[in-house]
Amino acid sequence: MNKEEIFEKLSSSVVEADKEMVRKGAHEVVNQKIDPVEAIEKGLSRGMEIIGERFSKAEVFLRELLMAAQTFDAAMEILEPEITAQKKEVTTRGTIVMGTAKGDVHSIGKDIVATLLKTGGFDVHDLGVDISPLSFIEAAGKTRADIIALSSLMTTTMPGQKEVIEVLKEMGLRNQYRVIVGGGPVNQQWADQIGADGYGETATDAVSLARDLLADWKK
Ligand code: B12
């Protein structure tokens with residue numbers, strides 16, 4: 001099976017919620033030494049997009065979304081140790097506090113971003129899902145974070161990202177942190193509108209964004 005066929009297999013396994021098939025696909029990624037991040041982005045995530053589209057057209061229901069998410073996680077159990085094993089950086093590039101915005105329980109994308117940031121040499125404090133602005137800010141203070149990274153998967157929880165920036169301003173702390181945003185409905189325009197320091201479309205983008213921001217800042 002070539003790379004494209006493996007990605008297709010991963011994608012359709014997520015859509016069909018076939019854990020056995022997804023595990024086989026993930027093992028093929030490992031055995032053939034394919035980049036696990038590429039397999040996530042072009043295989044597993046593609047499957048999630050398809051199931052998400054079907055959900056929005058009411059062709060499938062919440063149960064199917066949940067099963068697809070569990071299938072995605074089954075593959076991540078195999079791929080994540082591969083990503084972590086490739087960790088090359090030893091020195092810490094900076095500290096990042098991250099989580100999913102208030103009211104939002106989507107964790108898969110945030111978890112991938114956290115894993116890649118760790119692999120990229122950052123000290124990451126993952127607060128989890130449904131995190132209030134004050135909890136982000138408190139954690140950033142305690143850990144002396146450089147960056148606050150906010151994930152939102154729903155249009156209804158994007159205002160939670162804006163609120164973090166507003167509360168930072170009210171507390172006179174806006175200049176102490178770089179704030180980056182991401183997640184399905186988020187884009188550069190939104191990031192500019194709320195005054196975030198950066199937006200990343202994928203987990204790979206999140207790493208280069210964090211590196212560039214800190215490199216500029218620490219000059
Ligand atoms: C899986 C899923 C679920 C699972 C989540 C399981 C889990 N543990 O995460 C479950 C079943 C629990 C779920 C629940 C719900 N969901 Co849902 N879900 C999805 C689905 C299908 C996939 C999301 C996903 O994991 N994608 C794969 C990952 C890898 O991609 P990602 O999250 O986008 O992350 C990547 C990038 O965005 C980026 N990134 C992510 N975060 C960050 C942060 C930073 C800083 C940066 C730089 C980058 C970055 O990097 C990641 C990797 O490349 C989406 C559809 C979609 N297209 O997004 C709907 C979707 C997000 N869900 C939706 C809805 C409506 C719901 C529910 C309200 C349904 C309900 N009626 O109860 C609930 C929400 C409950 C809540 N309060 O949060 C809607 C949201 C619509 C909207 N308002 O905007 C969507 C868009 C489906 C749809 N088309 O209608 N869901």
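## Ground rules

Numbering starts at 1 in each chain and follows the sequence as written. Since the model is predicted, local features need pLDDT of at least 70 and side-chain atom pairs count only at pLDDT 80 or more, while totals for chains, interfaces and linings use all residues.

Helices (H or I, at least four residues) and strands (E, at least two) are DSSP runs, numbered from the N terminus.

## Two domains

The protein chain splits into domain 1 (3-85) and domain 2 (94-217), with bounds taken from an automatic or database domain assignment. Their centres, taken over C-alpha atoms, sit 25 Å apart. Eight residues from domain 1 and seven residues from domain 2 make the contact, where contact means C-beta atoms, placed from the backbone, within 7 Å.

On the side of domain 1 that touches domain 2, H3 and H4 each supply at least two residues.

## How H4 packs

H4 (residues 62-85) pairs up with H3 (residues 36-56): their axes come within 11 Å and cross at roughly 175°. That makes the two helices roughly antiparallel. For these numbers, axes are lines fitted to C-alpha atoms, for helices over the stretch in contact, and angles run from 0 to 180 degrees between N-to-C directions. Angles under 35 degrees count as roughly parallel, over 145 as roughly antiparallel, 65 to 115 as roughly perpendicular, and the rest as oblique. On the H3 side, the residues include Ile-40, Leu-44, Met-48 and Phe-55, and those they meet in H4 include Leu-65, Phe-72 and Leu-79. The contact of H3 with H4 has 14 nonpolar, one polar and two charged residues.

H4 also meets H1 (residues 3-16), with axes that come within 7 Å and cross at roughly 140°. H1 and H4 are therefore oblique to each other. Leu-10, Ser-13, Val-14 and Val-15 in H1 meet Ala-68, Thr-71, Phe-72 and Ala-75 in H4. This contact counts six nonpolar, two polar and no charged residues.

## Around the ligand

There are 39 residues around the ligand, and Gly-52, Gly-109, Ser-151, Gly-182 and Gly-200 come nearest. A residue is near when its C-beta atom, placed from the backbone, lies within 6 Å of the molecule. By class, the shell divides into 20 nonpolar, 15 polar and four charged residues.

Domain 1 and domain 2 each give the shell at least three residues. H3, H4, H5 (108-119), S3 (147-151), S4 (178-182) and H9 (203-217) each supply at least two. The largest share, eight residues, comes from H3.

## Two positive phi values

Lys-33 has a phi near 55°, a positive value in a residue other than glycine. You'll find Lys-33 in the loop between H2 (19-31) and H3. With 8 C-beta neighbours inside 10 Å, Lys-33 counts as exposed. The cut-offs are 20 or more other C-beta atoms within 10 Å for buried, 12 or fewer for exposed, and partly exposed in between, with C-beta atoms placed from the backbone.

Arg-144 isn't a glycine either, yet its phi is positive at about 50°. Arg-144 lies in the loop between H6 (133-143) and S3. Arg-144 is exposed, with 10 other C-beta atoms within 10 Å.

Definitions and conventions:
Contact = placed C-beta atoms within 7 Å. Nonpolar A, V, L, I, M, F, W, Y, C, P; charged D, E, K, R; others polar.
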